[in-house]
Amino acid sequence: MEQLKEIYERYIETAETVWEERPIWDGAFGIGASTKDHPCHLEFYKNVERWVENFLKNAPDRETAEQAIAYVLQTSQAQKGKLSYWPMYAVHGLMRPLVDFISPRCAGEMRQWYDENLPRKDRMPVHKDLYKKLKKREKA
């Protein structure tokens, strides 16, 4: 879990630096590079993806799975309005395999969190899929 938090902390720090150092005409009129295209976003996604793969290979446990999903959901919400929000929002989809390891009670709490924080109209297909998995696990 500490590794996952470090990935997030490094990414938030990098994204903030990228934003602060952006050129005045950053992506204006669709010309030139934009901070949205910075490689740190893809690197973050790949780092979380590797973390999930390693977690699944190394005897995944319920407590860590629950903490990881909650951390990913809540941290992305805390970054709303910042450069790092959308990549963190996309990472929700990487949490789908972890749902199999969480308790039904926790799945229900996370599904409820989705209902309260992410309106249906704002959900992408990966979020809808995660939501369905949480709902199914809640009923297990």
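1. **Ground rules.** Residue numbers start from 1 along each chain, as its sequence is written, and side-chain values use heavy atoms, leaving out hydrogens and water. Since the model is predicted, local features need pLDDT of at least 70 and side-chain atom pairs count only at pLDDT 80 or more, while totals for chains, interfaces and linings use all residues.

2. **Start with helix α5.** Helices here are DSSP runs (H or I, at least four residues; strands are E, at least two), numbered from the N terminus. Helix α5 covers residues 104-117, which is 14 residues. From first C-alpha to last, α5 reaches 20 Å, close to the 20 Å expected at 1.5 Å a residue. That expected span is 1.5 Å times one less than the number of residues.

3. **Which residues of α5 are buried?** Buried means under 20% relative accessible area, exposed means over 50%, and partly exposed is in between (1.4 Å probe, protein chains only). The buried ones in α5 are Cys106, Ala107, Gly108, Met110, Arg111, Trp113 and Tyr114. Their cover includes α3 (62-78) and α6 (125-138).

4. **Histidine 127, tucked away.** You'll find histidine 127 in helix α6. Its relative accessibility is 1%, so histidine 127 counts as buried. What does histidine 127 contact, leaving aside neighbours within four places in sequence? The answer is Tyr89, Ala90, His92 and Tyr114, where contact means heavy atoms within 4.5 Å. Tyr114 is one of the buried residues of α5.

5. **A loop residue: buried or exposed?** Serine 84 sits in the loop between α3 and α4 (85-90). With a relative accessible area of 3%, serine 84 is buried. Not counting residues up to four places away in sequence, serine 84 touches Tyr11, Ala15 and Gln79.

6. **Aromatic pairs.** Rings of Phe, Tyr and Trp (its six-membered ring) pair if their centres lie within 6.5 Å; planes under 30 degrees apart count as stacked, over 60 as edge-to-face and the rest as tilted. By this rule there are 10 aromatic pairs. Take tyrosine 8 and phenylalanine 44: they are edge-to-face, 4.9 Å centre to centre with 85° between the planes. This pair links distant parts of the chain, with tyrosine 8 in helix α1 (residues 2-20) and phenylalanine 44 in helix α2 (residues 39-57), 36 residues apart. Tyrosine 8 has a relative accessible area of 0%, so it is buried. Phenylalanine 44 is buried too, at 2%.

7. Tyrosine 85 and tyrosine 89 are stacked, 5.4 Å centre to centre and 20° between the planes. They are four residues apart in helix α4, so about one helical turn separates them. Both tyrosine 85 and tyrosine 89 are buried.

8. Tyr8, Tyr11, Phe44 and Tyr71 form one aromatic cluster.

9. The structure holds eight. One joins glutamate 109 to arginine 105, with the closest N and O atoms 2.8 Å apart. Glutamate 109 and arginine 105 are four residues apart in helix α5, so about one helical turn lies between them. Glutamate 109 is partly exposed at 43% relative accessibility, and arginine 105 is exposed at 51%.

10. **A bridge between helices.** Glutamate 138 and arginine 111 meet in a salt bridge (2.6 Å, N to O). This pair links distant parts of the chain: glutamate 138 is in helix α6 and arginine 111 in helix α5, 27 residues apart. Glutamate 138 is partly exposed, with a relative accessible area of 28%, whereas arginine 111 is buried at 18%.

11. **Arginine 123 does two things.** Arginine 123 meets aspartate 115 in a salt bridge (3.5 Å, N to O). Arginine 123 is buried, with a relative accessible area of 7%, while aspartate 115 is partly exposed at 38%. Salt bridges that share partners join Arg111, Asp115, Arg123 and Glu138 into one network. Arginine 123 also lies over the face of tyrosine 131, at 4.5 Å from the ring centre. For that label, NZ of Lys or CZ of Arg must be within 6 Å of the ring centre and within 35 degrees of the ring normal.

Notes. Salt bridge = Lys/Arg side-chain N within 4 Å of Asp/Glu carboxyl O.
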